[in-house]
Amino acid sequence: MVAIGHGEPDGLGTDGVDRVAPGTHGGDGVAVARALGRDPADLLDLSASLHPFAPDVAAVAARHLSALRTYPDDTAATAALADAIGVDGDRLVLTNGGAEAISLVATHLRRGSVVDPEFSLYRRHLAEVDPSAGRWRSNPSNPLGELAAPEEEAAVWDEAFYPLATGAWTRGDDDAWRLGSLTKLWACPGLRLGYVIAPSRGEAEVMRRARPRWSVNGLALAVVPEMVAHTDLSALQRQLAEARRSLVDGLAALGLDVRPSAANWVLIDGAPGLRDGLMAHGVLVRDCANFGLPGTMRMAVPHPAQLGRVLTAVERA
């Protein structure tokens with residue numbers, strides 16, 4: 001069956017439901033719902049790897065709507081996040097999501113090596129992918145969900161999921177570039193919050209000059225200090241690990257081949273029709289074919305209150 005594009009039906013799938021071609025990134029629940037004529041609220045979107053126990057960023061944002069009336073100032077947000085991470089604020093640059101962090105550093109460095117399977121945005125933004133250049137790598141690896149060994153090195157560490165996997169903000173590779181995504185930690189992909197920790201103050205200043213003026217909107221900046229204060233990384237990591245174990249046990253009991261993971265998702269091997277089958281029952285997962293893993297699906301860890309719905313959908317699919 002030939003996919004005709006992101007979010008467009010391309011034929012009938014399981015149970016007579018139109019199959020919708022997967023996009024190049026997870027989190028396409030709105031596009032899928034639109035293509036199927038459904039309310040997005042009726043879909044459980046587990047194609048996006050967001051933290052199921054994130055503090056309620058919407059409630060915090062509602063208290064800071066006055067920030068919409070002034071031009072953004074990232075001073076307080078930068079100081080609060082730098083203090084939480086334990087880095088010099090002069091080396092921390094807030095960005096419009098993790099995607100802008102990747103784009104800024106890739107544009108600056110121009111060359112880098114990427115060992116697949118790996119997150120696709122590195123190749124997209126690097127001017128040249130060169131095996132002899134400094135390596136770009138996610139930690140835990142995306143999509144494999146494996147933490148790098150302590151002795152492993154890289155020029156650029158993407159730590160978007162590191163706090164969720166370890167309960168710590170960063171591994172602490174001080175001489176490398178480090179990229180982060182508050183989008184994943186706080187489950188707020190629409191708010192767009194990421195950051196770069198540069199190897200030096202001078203290189204951080206290069207990032208600030210390259211970043212578009214007012215790149216991060218005022219509402220996003222306004223929520224950072226309060227969200228940082230509400231974020232207990234160790235507690236969130238423990239909750240996630242327990243929920244992940246319950247998901248793995250439930251999927252394995254249904255006969256699925258589930259890989260171990262340190263991240264807030266699991267990989268399911270040998271299940272090429274699972275995405276279509278689950279979609280028919282209102283659950284969306286990520287097809288990993290564009291990672292070079294055909295037949296493998298990535299499922300974000302759901303909140304425990306959603307686990308029964310997921311397992312029922314898997315059983316029916």
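The largest pocket in this predicted model is lined by 45 residues, and Ala48, Ser49, Leu50, Lys184 and Pro189 lie nearest its centre. Its volume is about 860 Å³. A pocket here is an open set of points on a 1 Å grid over the protein atoms alone where a 1.4 Å probe fits, with protein on both sides within 12 Å along at least five of seven lines, and lining residues have an atom within 4 Å of a point.

What classes do the residues of the lining divide into? There are 21 nonpolar, 17 polar and seven charged residues. Asp, Glu, Lys and Arg count as charged, while Gly goes with the polar ones. Helix H4 (97–109) is one of the elements that each supply at least two lining residues, and H4 gives the largest share, four residues.

Now for a pair of helices, H10 and H12. Their axes come within 10 Å and cross at roughly 20°, so H10 and H12 are roughly parallel to each other (angles under 35 degrees count as such). The crossing is right-handed.

Here is who touches whom, with contact meaning heavy atoms within 4.5 Å:

| Helix | Residue range | Contact residues |
|---|---|---|
| H10 | residues 233–253 | Ala243, Ser246, Leu247, Gly250, Leu251 |
| H12 | residues 304–316 | Pro304, Leu307, Val310, Leu311, Val314 |

By class, this contact has eight nonpolar, two polar and no charged residues.

Residues are numbered from 1 along each chain as its sequence is written, and side-chain values use heavy atoms, leaving out hydrogens and water. Local features need pLDDT of at least 70 and side-chain atom pairs count only at pLDDT 80 or more, whereas totals for chains, interfaces and linings use all residues.

Conventions
Points joined across faces, edges and corners; volume = space filled by probe spheres on them. Axes fitted to C-alpha atoms, helices over the stretch in contact; angles between N-to-C directions. Parallel < 35°, antiparallel > 145°, perpendicular 65-115°, else oblique. Left-handed = near helix turned anticlockwise from the far one by under 90°.
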